[in-house]
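Here is a short report on one residue and the strands around it. Look through the sequence and the structure first.

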Amino acid sequence: LFNLTHRAGHDRAEPLVPGQPARAEFGLKAIAHRFQAGHRIRVSVSTTYWPWMWPHPEPVRLGLHCRESSFVELPVRRPRPEDEALPPFGPPERPGTIAYEVLGRRPTQRTITHDLADGSAEVRFDWDVGGNFRLTEAGIEADGTNLTRYRIVAGQPLSAEVVTEQSASLKSALFDVAVAATGRMTADRTAFLVTLDLDAREHGQRIHSRQWRFEFPRNGT
């Protein structure tokens, strides 16, 4: 991911001028791959990558000037004589497991919902964080949830919204505690808006509750 308004450095934002070409140079994430003879590399460029990247305040139209000065440089590792002497990887080392009893599981689910009435789409990630289980020897029962929802309306970047809901609890003969946290992030044309809520309970009674509100300048994003 690369913010083109930061092409001269992340310490300042330089807006793009419509119709005026701008040069940008940036690194890609590291990955190793052995290409078979005749295979090719395809370069794909997109102005949006929701929900992994927050959208620009307005719909973006981007043109590419693919001339001699445009290129992708890939480092190449040449075969070496000592490669034949490299030992194969052994099986992965894993510690012994702690005895536990599964009381309930919620397998990871990923769903996409389209609302035909308002043109919105929502991506829902319901993560499996271990479910409800009991540590047999310690007699401790644990449970947890982790849900993230990404919602946006087609053609309306400022409608982007992320909501997270997380919970964790521990219970035994000596204690019964639970924590629930929620977060919500939206944005307007100038700032990212974040709200966080925390609720902690003991034996079902609230012992602590707090809310945070943050506002971060968009700085060219």
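## Contacts of Thr186

Leu158 is 28 residues away from Thr186 in sequence, yet their C-alpha atoms are 7.8 Å apart in space.

Thr186 is buried, because its relative accessible area is 14%. Buried means under 20% relative accessible area, exposed over 50%, and partly exposed in between, with a 1.4 Å probe and protein chains only.

## About the model

This is a predicted model, in which local features need pLDDT of at least 70, side-chain atom pairs count only at pLDDT 80 or more, and totals for chains, interfaces and linings use all residues. Residues are numbered from 1 along each chain as its sequence is written, and side-chain values use heavy atoms, with hydrogens and water left out.

## The strand and its partners

Thr186 sits in strand E7, residues 176-187. Strands (E, at least two residues) and helices (H or I, at least four) are DSSP runs, numbered from the N terminus.

E7 pairs with strand E6, residues 156-171, in the antiparallel sense over 10 bridges. Two strands pair if DSSP finds at least two bridges between them. Glu165 stands opposite Thr182 of E7. A hairpin of four residues links E6 to E7.

Strand E8, residues 191-202, also runs antiparallel to E7, joined by 11 bridges. Here Val179 faces Ala200 of E8 as its opposite residue. Three residues lie between E7 and E8 in their hairpin.
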